[in-house]
Amino acid sequence: MLSFHLILPVVLVVVLLLPMSSSKRMTGRVFSAQSWLYTDRFCFYPAPVISETLETGSNGDADDNYGKILLKTTFPKNHKLKILFYWGSFSDWKTIYEAKHSELSCGEREELANFKVRLDQNSTTNPMLVPDDPSLQDTHHMAVTEHQFHAITPYYFFIVLSNCDTYNDMYPDSNDYMYSQGHIDATIDFLLTNGNTLDSKHFGADEMGIFGMTIGFFLMQIFVLIGFSLVRIALINRRKFHFTVKIFGWALVLQFMSLLMDLCYYSNYSTQGMADENLNIAAGIFSALAETVMVLLLISLAKGWTVVRRKISIAGRIKMALFATLYLMASLTVVVWRTMTKDSALQLYYFDSSAGWVYIGSRVTAFVWFLRCCRTTRKQFRKKLGFYTKFMFFFGTWFLLNPFIIVFCNYIGDWLRFKIVYCFMLITMMSGQIAMLLMYNPTHQYNKSFPFHAMTSAMMMNKGGQPR
């Protein structure tokens with residue numbers, strides 16, 4: 001088995017080679033041959049005012065609880081650029097986004113927008129300013145506009161840049177709308193916020209609370225690691241520090257690294273609205289490794305290793321190595337998908353894809369194999385019937401919790417799915433780790449038979465009964 005001290009450098013090298021930068025604060029140059037271009041989405045949380053409109057926030061006395069939109073756009077003077085806002089359900093948006101150009105032209109998509117900001121027209125709410133860059137002052141406009149959001153329910157806002165020029169402006173008496181389409185070339189700085197607290201300002205309603213959850217689970221993971229250190233010392237003193245305990249330690253450390261990366265990611269995000277995507281990728285990789293090691297440990301114990309068996313057969317070890325590899329690949333598929341191929345215009349979060357179903361399939365397969373191993377061990381070693389009955393029930397449920405939550409979330413509100421799945425996956429991992437820690441604690445009366453009937457030396461004997 002690969003030693004943990006070799007895993008960390010590999011993960012760090014992979015992460016450093018991946019592209020950086022992700023944010024809900026959209027900045028940078030946008031250039032596209034398309035004339036209708038999706039940029040990003042944001043989910044606003046309900047504000048105190050009961051209204052469902054975008055309202056200008058230039059009066060300067062806006063409530064800090066309101067959702068705010070600050071748009072700064074620099075674009076060529078000969079472009080009739082607009083910023084379009086679509087809001088409502090995810091399914092309504094996908095109908096517009098996925099429509100072919102033969103079904104919806106650029107102009108027709110523009111007409112379906114819930115709110116439009118025309119950037120080429122000077123007004124008090126959308127003043128035309130001189131670009132900051134001196135080299136662009138003769139050829140470009142800079143438009144700055146600010147709005148507030150008030151609604152009674154959370155809404156996804158889908159933000160689109162449009163350069164559909166309406167010829168109808170030249171013929172005001174005509175009802176025929178003809179659109180010419182131009183490319184998009186703009187430098188944007190869009191800031192969208194919810195309220196003014198660290199746990200809400202730069203987070204959408206679908207992410208609100210994630211930062212606090214991460215802090216809480218990170219602190220709990222530290223306490224679990226401290227508990228493991230105490231249990232480790234107790235087992236070493238009793239000469240019962242089996243190899244499965246070491247595997248469990250690796251799972252704890254990997255989960256700690258995952259939470260540490262998530263904490264750094266969301267900490268930067270909460271203060272700046274921008275964060276290094278590499279931290280999020282590293283968190284996903286460490287989480288996949290931690291879960292794979294935990295699953296491998298449970299399968300090993302289900303087969304009776306260090307409980308009733310000194311070792312697993314060669315064929316069994318080969319099967320376990322192959323399954324662990326496939327399970328890790330399935331978990332990493334989700335990380336790769338959300339990094340390389342995800343389209344936030346079509347998928348709500350990383351399990352809302354074919355990669356999510358691959359993960360669910362691997363988890364259910366692990367559950368089936370786990371039950372089979374437990375039943376086989378129970379039949380062959382009746383003395384452990386009581387322990388394996390409880391072990392099979394608790395950790396069988398543990399295997400199925402994640403798939404159940406992911407499928408269940410398909411039937412709840414769009415904006416709730418990501419944070420519920422994120423929270424419950426952390427709860428699932430934490431509960432499994434705590435249960436395993438309690439079982440390995442040799443000072444508890446209720447676990448006399450697991451797995452402390454055998455000394456470490458007994459697990460290291462060869463067939464002749466001599467130490468290896």
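I405 counts as buried in this predicted model, because its relative accessibility is 8%, which falls under the 20% limit for that class. The residue is found in helix α9, which covers residues 385-408. Leaving aside residues up to four places away in sequence, I405 touches I420, V421 and F424.

The side chain of S32 reaches the backbone nitrogen of Q34 at 3.0 Å, and, with residues up to four places away in sequence not counted, S32 touches L37, H183 and I184.

The cysteines can be considered next. Which two cysteines are joined by a disulfide? The bond joins C106 to C164, with an S to S distance of 1.5 Å, and the count for the model comes to one disulfide. C106 lies in helix α3 (residues 106-111) and C164 in strand β11 (residues 164-166), so the pair ties together parts that are 58 residues apart in sequence. The torsion about the S-S bond of C106 and C164 is about -45°, and the disulfide is therefore left-handed.

| Cysteine | Relative accessibility | Class |
|---|---|---|
| C106 | 4% | buried |
| C164 | 0% | buried |
| C374 | 0% | buried |
| C409 | 0% | buried |

Strands of a sheet pair through backbone hydrogen bonds, either parallel or antiparallel. Here, four strands form an open sheet in the order β3-β10-β6-β7, and the pairing is antiparallel. Strands β3 (36-44) and β7 (115-118) stand at the edges with a single partner strand each, so one side of each is left without a neighbour in the sheet. From one strand to the next, the twist averages 20°. Within this sheet, strand β6 (residues 82-88) and strand β10 (residues 155-162) pair in the antiparallel sense over seven bridges, and the bridge partner of Y86 in β10 is F158. Helix α2 (residues 90-97) lies across β3, β6 and β10, and runs at about 175° to β3.

How far apart are the end C-alpha atoms of its 26 residues? They are 38 Å apart, which agrees with the 38 Å that α6 should span at 1.5 Å a residue. The helix is also mostly covered, since 25 of the 26 residues of α6 are buried. Just after α6, G304 takes a positive phi of about 95°.

How values were computed
Residues are numbered from 1 along each chain as its sequence is written. This is a predicted model: local features need pLDDT of at least 70, side-chain atom pairs count only at pLDDT 80 or more; totals for chains, interfaces and linings use all residues. Side-chain values use heavy atoms; hydrogens and water are left out. A disulfide is a pair of cysteine sulfur atoms within 2.5 Å. Helices (H or I, at least four residues) and strands (E, at least two) are DSSP runs, numbered from the N terminus. Buried means under 20% relative accessible area, exposed over 50%, partly exposed in between (1.4 Å probe, protein chains only). Contact means heavy atoms within 4.5 Å. A polar contact is a pair of N or O atoms within 3.5 Å; within protein, one must be able to donate a hydrogen and the other to accept it, and residues adjacent in sequence count only if both atoms are side-chain atoms. Two strands pair if DSSP finds at least two bridges between them. Axes are lines fitted to C-alpha atoms, for helices over the stretch in contact, and angles run from 0 to 180 degrees between N-to-C directions. The expected span of a helix is 1.5 Å times one less than its number of residues.
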